[in-house]
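Visitor: Please walk me through this one, one topic at a time, and spell out your criteria as we go.

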Amino acid sequence: AAIVEIRAVNKEYALGKQSVIALRNISLMIDKGEFMALAGPSGSGKSTLLNLIGCIDTPTSGSILIQGQDISGKTADELADLRLKTLGFVFQTFNLLPVLSAWENVEYPLLQRRDMEKKTRQERVRHYLNIVGLERYTHHRPNELSGGQRQRVAIARALATHPGIVLADEPTANLDHKTGEGILKLMKALNQEEGTTFIFSTHDAQVMEMADRVIKLADGQIIE
Ligand code: ADP
Ligand code: ADP
């Protein structure tokens, strides 16, 4: 069954009196458990599409369904709830909070779950820091970690909430080739072991090869 369905989506950004068309008539079904890459040159619309699926922005026309539900009818509170419970985000700039340790960064989104007990929360944080191989770095702040380690904190943080879908915008862009490959292998292992759906953008051909399916964008359109 489709976990994400995109129906005839267009996205236009207003820039003063001008406008930029970022996505043109995109339709796409993404199945539960897929490990899918969005490829295409810079400016082709990859981030825009990830932001729309992530409910960070809304389409100009068309609709997006997440787990069968059209998100256009939802209130801001309902969208925030959906983001918290269903979606995990990994960005190329890691987006970690600099004053918090690795442990606290992973714990942060779990603290918004009012119904989660402290013990469960701590087990989750420990489990995901272990999975990404950072059990010895729990007290380190982002500036005390390497780029690859920071991205692993970001992945642990994205997965700790048990999202059905992880959206990763160029997760390897700021990493050297070998580290990037390690991050992708880790994402793939989590996809296979936990069944989490991954949608990630990349312009690295070797990263694309690890995907189950590659959707190529150019000029806001799916070309392949
Ligand atoms: P990619 O992620 O493939 O590099 P983007 O989705 O970032 O592509 O951008 C697609 C197009 O939309 C580009 O022409 C870009 O300049 C434009 N764009 C992206 N974000 C904005 C924005 N916030 N305001 C105006 N134009 C934007
Ligand atoms: P050790 O230093 O003993 O190898 P850790 O530092 O990984 O082990 O964590 C010890 C315990 O402290 C963990 O079980 C966890 O509950 C807690 N913990 C670790 N880091 C933090 C933190 N920054 N804030 C709150 N609790 C933490």
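Guide: By a polar contact I mean a pair of N or O atoms within 3.5 Å; within protein, one must be able to donate a hydrogen and the other to accept it, and residues adjacent in sequence count only if both atoms are side-chain atoms. This is a predicted model, in which local features need pLDDT of at least 70 and side-chain atom pairs count only at pLDDT 80 or more, while totals for chains, interfaces and linings use all residues. Residues are numbered from 1 along each chain as written, chains are lettered from A and ligands numbered from 1 in the order written, and side-chain values use heavy atoms, with hydrogens and water left out.

Visitor: How far is a polar side-chain atom of Arg-126 from an oxygen atom of ligand 2?

Guide: That pair, with the polar atom in the side chain of Arg-126 and an oxygen atom in ligand 2, is 2.7 Å apart. The side chain of Thr-138 has an N or O atom 3.0 Å from an oxygen atom of ligand 2, and for the side chain of Gln-122 the corresponding distance is 3.4 Å. On its own ligand 2 exposes 550 Å², of which the protein buries 51% (accessible areas by the Shrake-Rupley method with a 1.4 Å probe).

Visitor: And which elements give two or more residues to the shell around ligand 2?

Guide: Those are helix 3 (102-111) and helix 4 (118-131), where helices (H or I, at least four residues) and strands (E, at least two) are DSSP runs numbered from the N terminus. The shell residues, each with a heavy atom within 4 Å of the molecule, are Ser-101, Trp-103, Glu-104, Gln-122, Arg-126, Thr-138 and His-139.

Visitor: How does that shell divide by class, nonpolar, polar and charged?

Guide: Around ligand 2 there are one nonpolar, four polar and two charged residues (Ala, Val, Leu, Ile, Met, Phe, Trp, Tyr, Cys and Pro count as nonpolar, Asp, Glu, Lys and Arg as charged, and the others, Gly among them, as polar).

Visitor: Switching over, what surrounds ligand 1?

Guide: Its shell includes Tyr-13, Leu-15, Val-20 and Ala-22, together with the run Pro-41, Ser-42, Gly-43, Ser-44, Gly-45, Lys-46, Ser-47 and Thr-48. By class, five of these residues are nonpolar, six polar and one charged.

Visitor: Which polar backbone atoms come in there?

Guide: A polar backbone atom of Gly-43 is 2.7 Å from an oxygen atom of ligand 1, and one of Ser-44 is 3.1 Å from an oxygen atom of ligand 1. From a side chain, a polar atom of Ser-47 also lies 2.7 Å from a ligand 1 oxygen. Taken alone ligand 1 exposes 560 Å², and the protein buries 63% of that area. Strand 1 (2-15), strand 2 (18-31) and helix 1 (46-53) are the elements that give two or more residues to this shell, with helix 1 giving the most, three residues.

Visitor: Which pocket does ligand 1 sit in?

Guide: Ligand 1 sits in the second largest pocket, in the sense that more than half of its atoms lie within 2 Å of the pocket's grid points. On a 1 Å grid over the protein atoms alone, a pocket is an open set of points with protein on both sides within 12 Å along at least five of seven lines, a cavity is a set where a 1.4 Å probe fits but cannot get out, and lining residues have an atom within 4 Å of a point. The second largest pocket is lined by 19 residues, and Ser-42, Gly-43, Ser-44, Gly-45 and Lys-46 lie nearest its centre. Strand 2 supplies the largest share of this lining, four residues, and the lining as a whole has five nonpolar, nine polar and five charged residues.

Visitor: What about the lining of the largest pocket, which element gives the most?

Guide: Strand 6 does, with four residues. By class, the lining of the largest pocket divides into eight nonpolar, five polar and two charged residues.

Visitor: Last topic, which residues line the largest cavity?

Guide: The largest cavity is lined by Leu-50, Asn-51, Ile-56, Phe-89, Val-90, Phe-91, Leu-167, Ala-168 and Asp-169. Helix 1, strand 6 and strand 7 (165-169) are the elements that give two or more residues to this lining, which by class has seven nonpolar, one polar and one charged residues.
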